[in-house]
Amino acid sequence: MASGRFLPAKYPYVEFTDMFDGGRMEREEIVLCAASAYEKKFYLNEEFNGLPSGIKDELKIMCVLFTEDVGGILELVYNEDGELEFRTSSDEGDYLYDEIGSALKVKEMQRERTEFLESLQMFYKVFILNEI
């Protein structure tokens with residue numbers, strides 16, 4: 001078991017917030033979705049329930065196949081600049097987790113799904129951050 005590492009415990013339905021720091025607006029990271037090979041679960045942040053079902057299905061397939069292939073946990077996270085990042089991790093002592101394969105698989109997904117990932121970033125920047 002992922003000992004509290006999988007999303008609802010780690011990111012209890014994170015909401016996007018703006019914080020003011022000395023007149024400068026700072027943004028926090030927000031999780032789009034995640035999958036865990038340990039709990040055999042997929043998580044989609046409820047803030048993104050309005051995405052078309054085809055996009056939600058594609059995210060689920062992409063994340064679940066990743067964790068079935070290399071193990072561990074995969075998180076898709078929007079950073080403070082609105083860029084979509086892939087974050088992988090594993091439980092301590094998980095000797096079956098393929099760290100090298102994980103990095104290669106992330107690069108492969110980024111290369112093969114460039115248009116899909118760019119459209120997710122554009123959606124976030126336009127509808128969540130109100131940019132552009």
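Student: What should I know about the model before I start?
Tutor: It is a predicted model, where local features need pLDDT of at least 70, side-chain atom pairs count only at pLDDT 80 or more, and totals for chains, interfaces and linings use all residues. Residues are numbered from 1 along each chain as its sequence is written, and side-chain values use heavy atoms, with hydrogens and water left out.

Student: How many helices and strands are in the chain?
Tutor: Four helices and six strands, in the order α-β-β-β-β-α-β-β-α-α along the sequence. Helices (H or I, at least four residues) and strands (E, at least two) are DSSP runs, numbered from the N terminus.

Student: And how much of the chain counts as buried?
Tutor: 39% of its 132 residues. Buried means under 20% relative accessible area, exposed over 50%, and partly exposed in between (1.4 Å probe, protein chains only). The accessible surface of the chain is about 7800 Å², and carbon and sulfur atoms hold 50% of that; the areas come from the Shrake-Rupley method with a 1.4 Å probe, and for residues only the protein chains shown count as cover.

Student: What share of the contacts is between residues 24 or more positions apart?
Tutor: Among contacts in the chain with a separation of 6 or more, 60%. A contact means heavy atoms within 4.5 Å.

Student: Salt bridges next. How many does the count come to?
Tutor: Six, where a salt bridge is a side-chain nitrogen of Lys or Arg within 4 Å of a carboxyl oxygen of Asp or Glu.

Student: Which residue does lysine 40 pair with?
Tutor: Glutamate 68, with the closest N and O atoms 3.4 Å apart. Lysine 40 sits in the loop between strand S3 (30–36) and strand S4 (41–44) and glutamate 68 in helix H2 (residues 53–70), so the pair ties together parts that are 28 residues apart in sequence.

Student: Is lysine 40 buried or exposed?
Tutor: Exposed, with a relative accessible area of 59%. Its phi is near 55 degrees, a positive value in a residue other than glycine.

Student: What does lysine 125 pair with?
Tutor: Glutamate 83, at 2.8 Å from N to O. That pair links distant parts of the chain, with lysine 125 in helix H4 (residues 114–128) and glutamate 83 in the loop between strand S5 (73–78) and strand S6 (84–89), 42 residues apart. Lysine 125 is buried at 18% relative accessible area, whereas glutamate 83 is partly exposed at 31%.

Student: Which residues are linked in a network?
Tutor: Glu29, Glu85 and Arg87, through salt bridges. Between arginine 87 and glutamate 85, the closest N and O atoms are 2.7 Å apart. Arginine 87 is partly exposed at 23%, and glutamate 85 is partly exposed at 26%.

Student: Back to H4. Which of its residues are buried?
Tutor: Phe116, Leu117, Leu120, Gln121, Tyr124 and Lys125. They pack against S3, H2, S5, S6 and helix H3 (99–112).

Student: Why would residues three or four places apart point the same way?
Tutor: Because an α-helix has 3.6 residues a turn.

Student: What span should H4 have?
Tutor: At 1.5 Å a residue, its 15 residues should span 21 Å, and its end C-alpha atoms are 21 Å apart, which agrees. The expected span is 1.5 Å times one less than the number of residues.

Student: What comes just after H4?
Tutor: Asparagine 130, which takes a positive phi of about 55 degrees although it is not a glycine. Asparagine 130 counts as exposed, at 62% relative accessibility.
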